[in-house]
Amino acid sequence: MPADPGQSLFVSDLHLAPERGETIALFLGFLAGRARRATRLFVLGDLFETWIGDDDDTPAYMQVRDGLRALTDSGTQCALMRGNRDFLLGRAFCTDTGCRLLADPELWHFGAEPTLLMHGDLLCTDDIAYQRFRRRIRHPLVTWLFRRKSLASRRAIAAAYRLKSGAATSAKPADIMDVNQDTVADYLRRHRATRLIHGHTHRPAEHRLHLDGQPVYRSVLAEWHPHGGEVLVHDAAGWRREPVG
């Protein structure tokens, strides 16, 4: 349960992709500027729209690697969590960039506040079909077989998956794609946390709840777009949100 005495920044759901050059430029500017004034940057999943393996040499992704390496070389620590879009991020990527790979969930302490970090998809337990798919696609044998395919084959599979996923998401009721409140409470209790930070749902907000007679908080991170993004900040002054771009 690491403790963080300095300033920490939290982002998620950037969904970087070659065709989203403006969002990539926004993130690279953030890495070269605002992020270097912080002690640590947390990226809580879906940094990339898709990730087919650490050997992906797409030029746009190489720019992101270089930007992260420049950030960690500058002295700012960076911790990455896998999301539902980039769950194949691995050790080679972290070695190249100087980033640390987080578990999902992972407990940290900010000040005296035990804080649970998650991507967020594990909280959406009303979406039974997705949870079943998540377990299947992340099975070690499935990921091993996928990584053994050529880059061209993996790119084609990822492109097809993106189309299928978009169609499936648009057909689902909006309420089942948000978190389940009982699941949120279960995770907070299990980890004895008083704050939960996550992304995934693209519904940025600050929620104040009561759990077992005490206040607890849920911070939902924002999705980034070409016109701007948002970062959650923690330092000696407390918690706040700042715009990016």
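Trainee: How many disulfides does a search of the whole structure find?

Mentor: The search finds 0 disulfides, and please keep in mind that we are reading a predicted model.

Trainee: Moving on to the core, how many residues does the largest nonpolar one have, and which have the most contacts inside it?

Mentor: The largest nonpolar core has 36 residues, and those with the most contacts inside it are F27, F30, L41, L47, F48 and L68. Two or more residues each come from strand 2 (8–11), helix 1 (21–32), strand 3 (40–44), helix 2 (59–74), strand 4 (77–81) and strand 11 (229–235). In soluble globular proteins, nonpolar side chains tend to be buried together.

Trainee: Take L41, then: what is it in contact with, beyond its neighbours within four places in sequence?

Mentor: With those neighbours left aside, L41 is in contact with L9, V11, F30, L31, L71, T76, Q77, C78 and A79. There is also a second, separate core of 15 residues, and L107, M118, A185 and L188 are among its members.

Trainee: What about open space, say the second largest pocket: how many residues line it, and which lie nearest its centre?

Mentor: The lining of the second largest pocket has 19 residues, with F87, I137, F146, I157 and Y161 nearest the centre, and the space inside comes to about 410 Å³. Helix 4 (128–137), helix 5 (140–147) and helix 6 (151–170) each give two or more residues to that lining, and the largest share, 5 residues, comes from helix 6. Sorted by class, the lining has 13 nonpolar, 3 polar and 3 charged residues.

Trainee: How many cavities of 30 Å³ or more are there, and what lines the largest cavity?

Mentor: The search of the whole structure finds 1 cavity of 30 Å³ or more, and the space in the largest cavity is about 30 Å³. Its lining consists of N84, F87, Y130, F133, R134, I137, R138 and Y161, which divide into 5 nonpolar, 1 polar and 2 charged residues. Here the largest share, 4 residues, comes from helix 4.

Trainee: Changing topic to the backbone, which peptide bond is cis?

Mentor: The bond from D104 to P105 is cis, with omega near 5 degrees, and P105 lies in the loop between strand 5 (100–102) and strand 6 (106–110). Most residues other than glycine have a negative phi, and most peptide bonds are trans.

Trainee: Then where do D46 and H200 sit, and what is the phi of each?

Mentor: D46, in the loop between strand 3 and helix 2, has a positive phi near 55 degrees, and at 1% relative accessibility D46 counts as buried. H200, in the loop between strand 8 (195–198) and strand 9 (205–211), has a positive phi of about 80 degrees although it is not a glycine. H200 is buried as well, with a relative accessible area of 18%, so it falls under the 20% cut-off.

Terms used
Residues are numbered from 1 along each chain as its sequence is written. This is a predicted model: local features need pLDDT of at least 70, side-chain atom pairs count only at pLDDT 80 or more; totals for chains, interfaces and linings use all residues. Side-chain values use heavy atoms; hydrogens and water are left out. A disulfide is a pair of cysteine sulfur atoms within 2.5 Å. A nonpolar core is a set of buried Ala, Val, Leu, Ile, Met, Phe, Trp, Tyr and Cys residues joined through side-chain atoms within 4.5 Å. Buried means under 20% relative accessible area, exposed over 50%, partly exposed in between (1.4 Å probe, protein chains only). Contact means heavy atoms within 4.5 Å. On a 1 Å grid over the protein atoms alone, a cavity is a set of points where a 1.4 Å probe fits but cannot get out, and a pocket is an open set with protein on both sides within 12 Å along at least five of seven lines; lining residues have an atom within 4 Å of a point. Grid points are joined across faces, edges and corners, and a volume is the space filled by probe spheres set on the points. Ala, Val, Leu, Ile, Met, Phe, Trp, Tyr, Cys and Pro count as nonpolar, Asp, Glu, Lys and Arg as charged, and the others, Gly among them, as polar.
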